[in-house]
Amino acid sequence: MKYAIIIPDGAADEPLKELGGKTPLEAAATPNMDRIAIEGRQGLARTVPDGFESGSDVATMTLLGYDPKKYHTGRAPLEAAAQHIPLSPTDWVFRCNLVTVVDGIMKDHSAGGIGNAEAQRLLADLKRSIDLPGFEFHNGVSYRNLLVYRGSEEFDVATKPPHEIPEEQIAKYLPRGRGSETLRRIMSHSAELFATHEINEVRTQTGLNPATQVWLWGQGHAPNLPKFKERFGIERGCMITGVDLLRGLAVLLGWDIREVEGMTSFHDTDYAGQGDATARMIDQYDLVFSHIEAPDEASHQADWKTKIAAIEHIDKYVVGPVLAKLRTFPEWRILVMPDHPTNIATRKHGYAPSPFAMAGTKVRSLLDAPYSERNAAAADLKIERGHDLMEYFLRGGHL
């Protein structure tokens, strides 16, 4: 049996007046996703359990079949796993975003999708200018970086993801609790340093959002996840993604990671390259997991046109070739779903159950309707405990 899972991150949404009451997923031309929904099964899965903030760390862990209530220790430690950063049980990891704050208001959680080279230089200069024993800065991809603390200080802090507070005053969302003074000091110092940094001067002059400071959040200790093979009996898994969070989950699950030249986390990514690589990996692996971040980033920028284009590109260049490849095998299954909704109207992650569509061997068709949030809800198939979805998929729609 060959399995493929394709995640158009944040593709689900609410109806938009700009689209005549349709969601971007409904407005987009998605013949391949529609074919999967019509030939197979669609429904809803709650990927963000009560008590958790909506984000790809929680939602992707859930859809992979791992209950966040049992296994989630924070977002940043998952990204540390992607970079193979060694962690002791007492080490802390924080997500360290480069953000744009103007007059105390969070304008952009990604500092205009800042490039890797610019991010590396800003963090290197920050590291040199601050004297805090035990703290280590680690570069990730674009604005997504990490801060590791190895020391005796205890943290019991509440933090907020910057993508959840667009156009809001940051003062009420600064870290609070035990250890927060140190985190605030780092954030404040970065704002002072970056205010006159030549990288930001150039970005401002060229009309790009400057990286005005770092924003610390997503803290936690190293998690302990059982390997996917041990949990589900699937021998060989492969992850294809442009973001460290998903790479980290792959490392923890015991999967291989396949990089694709030209793959990014934005709409400038090489969709065709990712689709081709995903299809080719099906020859080598039992399960291939392909994640595309672009719809989520478009949502955070309130850019519905780019979101629709991203969804259509995923359908044409990723879902289409993968579905065609799977059909060359005698037994196969495919699952397509966003990990969580990301709503254009709010620029934030949503909490609604995520629509899924699956097809393949022994998956019976129940609803002759194209793939969408509305049709998935009408299918009257709702998996309340989202971490049960993986077993449901692997068993061909049976629990």
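**Figure 1. Helix 5 and the residue after it.** Histidine 84, with a positive phi near 55 degrees, follows helix 5. Helices (H or I, at least four residues) and strands (E, at least two) are DSSP runs, numbered from the N terminus. The model is predicted: local features need pLDDT of at least 70, side-chain atom pairs count only at pLDDT 80 or more, and totals for chains, interfaces and linings use all residues. Residues are numbered from 1 along each chain as its sequence is written, and side-chain values use heavy atoms, with hydrogens and water left out. Helix 5 spans residues 75-82, and eight of its eight residues are buried (under 20% relative accessible area; exposed means over 50%, partly exposed in between; 1.4 Å probe, protein chains only). Among the buried residues are Arg75, Pro77 and Glu79. Those buried residues pack against helix 3, strand 3 (92-102), strand 6, strand 9 and helix 10 (244-253), where contact means heavy atoms within 4.5 Å.

**Figure 2. Surroundings of leucine 146.** Leucine 146 belongs to strand 6 (residues 144-149) and is buried, at 0% relative accessible area. Leaving out residues up to four places away in sequence, leucine 146 touches residues including Ala76, Ala80, Val93, Cys96 and Phe137. Of these, cysteine 96 is itself buried, at 0% relative accessibility.

**Figure 3. Salt bridges.** The count comes to 27 salt bridges, each a side-chain nitrogen of Lys or Arg within 4 Å of a carboxyl oxygen of Asp or Glu. Glutamate 293 pairs with arginine 144, their closest N and O atoms being 3.8 Å apart. This pair links distant parts of the chain, 149 residues apart: glutamate 293 is in the loop between strand 12 (287-292) and helix 12, and arginine 144 is in strand 6. Glutamate 293 is buried at 8% relative accessible area, and arginine 144 is buried at 5%. A salt bridge with an N to O distance of 3.0 Å joins glutamate 259 and arginine 247. Glutamate 259 lies in the loop between strand 11 (256-257) and helix 11 (271-284) and arginine 247 in helix 10, so the pair ties together parts twelve residues apart in sequence. Glutamate 259 is exposed at 52%, whereas arginine 247 is buried at 10%.

**Figure 4. The largest pocket.** The largest pocket holds about 340 Å³ of space and is lined by 22 residues, with Glu53, Asp57, His72, Trp217 and Gly218 nearest its centre. Helix 3 (56-63), strand 7 (156-158) and strand 9 (213-220) each give two or more residues to this lining; the largest share, four residues, is from strand 9. On a 1 Å grid over the protein atoms alone, a pocket is an open set of points where a 1.4 Å probe fits, with protein on both sides within 12 Å along at least five of seven lines; lining residues have an atom within 4 Å of a point. Grid points are joined across faces, edges and corners, and a volume is the space filled by probe spheres set on the points.

**Figure 5. The second largest pocket.** The volume of the second largest pocket is about 210 Å³. Its lining has 14 residues, of which Gly112, Phe266, Glu297, Ala298 and Gln301 lie nearest the centre. Helix 12 (residues 294-300) supplies the largest share of this lining, three residues.
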